[in-house]
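Visitor: I'd like to learn how to read a model like this one. Can we go through it feature by feature?

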Amino acid sequence: MNRRARDTRTRTRGALAAMAAALLLGACAGNAPPAPPAPASSAASPLPDTVPTPQGLLLTADFGADTVSFVDPERGTVASVTVGRAPYGMALGADGRAWVATAEGVAVVDTRTRVRVALIPYRTATGPVTDGEYRGGGMGIALSPDGAHAYVGVNVPGTTGVLEVLDTARNEVTAVVPVGRRPFDVDVSADGAEVYVTGHDSFDVTVVAADALRPRRIEVAPYGTEGGLASWLKPHYAVVRPTDGHLLLPFEGERLAVVDPRTGRTRIEPMTADTHQHGAALTPDGRLLVVGTGAVRPGDGKGPSLTVRAPDGAERVYPLQGPHEDVAVSRDGRTAYVTGGHTRDGYWNGITVVDLDTGATRRLAAGARPLGIAVL
């Protein structure tokens with residue numbers, strides 16, 4: 001599509017978004033096409049409580065339940081642990097503990113014994129504990145490189161969010177920093193000096209110095225901010241590129257925002273999937289994986305997909321069956337695991353396993369509307 005056609009599409013999207021503002025509270029509500037049927041539930045036997053968790057299992061945050069699920073990549077769910085209402089993102093520490101952002105607080109799970117060892121309440125009032133995309137409570141979450149702190153983006157419905165800093169030794173909140181609206185994602189620089197909070201509804205990334213906890217806002221809006229809360233053209237998830245520390249934020253399968261957090265400058269690179277994009281991850285060899293959730297409206301973009309983008313910008317786009325949300329990659333970098341618990345309508349209870357060399361896919365029943373995912 002040429003630039004004039006693309007600009008026309010952008011203006012049309014902005015106008016439609018503005019018309020919808022009175023009806024929508026945020027960017028990712030809407031009527032997505034129904035998902036294909038999920039695979040039948042796995043018949044795998046649960047892990048005995050006395051057996052340590054094997055390495056190589058997947059861990060999912062079950063946004064449609066109050067659990068995290070341990071998932072065998074071949075058999076499906078093999079065990080679940082209650083963590084708190086509507087778990088969203090998760091971060092996995094080198095000590096085997098998983099930090100899970102729920103509507104009630106940050107749950108700490110010992111993944112070796114499959115036991116929740118703590119539930120740390122938020123310091124910030126977030127309203128009634130509820131479910132759904134706009135619920136208050138934790139969204140994105142990340143750990144410092146040394147594991148001493150967890151950083152969780154907390155959504156406060158109707159206003160700007162906060163970043164809550166947790167001391168992982170004491171299991172308590174030690175600081176609260178103002179950030180943007182609906183903090184979908186939280187990332188940390190390789191040296192642990194900065195924390196990056198992606199504000200979905202405020203078109204920004206908040207850079208927080210880990211020592212002084214001073215926030216600094218960088219607007220990230222390659223399509224502009226027309227449409228406000230009702231716009232679809234917002235940031236969702238980011239990754240930190242290890243070669244230079246820049247942030248990579250995909251938009252609509254059309255534009256990749258490359259943000260230098262030191263200068264605040266943003267460079268735009270073209271993408272090719274032409275689909276509304278959410279989750280992102282990096283493989284060990286530096287390829288960027290981006291989850292495409294499907295067209296925002298019928299005829300306005302292509303279907304769900306997984307983009308595999310090489311460091312030189314070359315892309316392969318693998319079609320997926322039904323909407324998805326987030327992605328993790330195997331230790332050897334050859335397999336991607338894409339969660340089906342999309343934040344919009346049309347989610348499904350499972351994971352798509354993608355061979356990154358061939359694009360071959362298979363669907364695996366797992367969890368309940370799984371969002372966040374990690375490889376144990």
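This is a predicted model: local features need pLDDT of at least 70, side-chain atom pairs count only at pLDDT 80 or more; totals for chains, interfaces and linings use all residues.

Visitor: Which residue in β15 does Val205 stand opposite?

Guide: That's Ile218.

Visitor: And what order do the strands of that sheet take?

Guide: The general idea first: strands of a sheet pair through backbone hydrogen bonds, either parallel or antiparallel. In this case 4 strands make an open sheet, ordered β12-β13-β14-β15, with antiparallel pairing. β12 (183-188) and β15 (215-219) are the edge strands, each pairing on one side only. On average, neighbouring strands are turned by 20° against each other, ignoring direction.

Visitor: What about the core? Which residues have the most contacts inside the largest one?

Guide: In soluble globular proteins, nonpolar side chains tend to be buried together. Here the largest nonpolar core has 17 residues, and Leu57, Leu59, Val68, Phe70, Val83, Met90 and Val100 have the most contacts inside it. β1, β2, β3, β5 and β6 each supply at least two of its residues, with the largest share, 3 residues, coming from β3. Looking past residues up to four places away in sequence, Val83 touches several others, including Val68, Val100 and Leu119. There's also a second, separate core of 16 residues, with Tyr122 and Val154 among them.

Visitor: How many residues reach a pLDDT of 70 or more?

Guide: 88% of them, and the chain's mean is 90. Over residues 1-27, though, the pLDDT is below 50, and residues 29-35 are below 50 as well.

Conventions:
Residues are numbered from 1 along each chain as its sequence is written. Side-chain values use heavy atoms; hydrogens and water are left out. A nonpolar core is a set of buried Ala, Val, Leu, Ile, Met, Phe, Trp, Tyr and Cys residues joined through side-chain atoms within 4.5 Å. Buried means under 20% relative accessible area, exposed over 50%, partly exposed in between (1.4 Å probe, protein chains only). Contact means heavy atoms within 4.5 Å. pLDDT is the predictor's confidence in each residue, from 0 to 100. Two strands pair if DSSP finds at least two bridges between them. Axes are lines fitted to C-alpha atoms, for helices over the stretch in contact, and angles run from 0 to 180 degrees between N-to-C directions.
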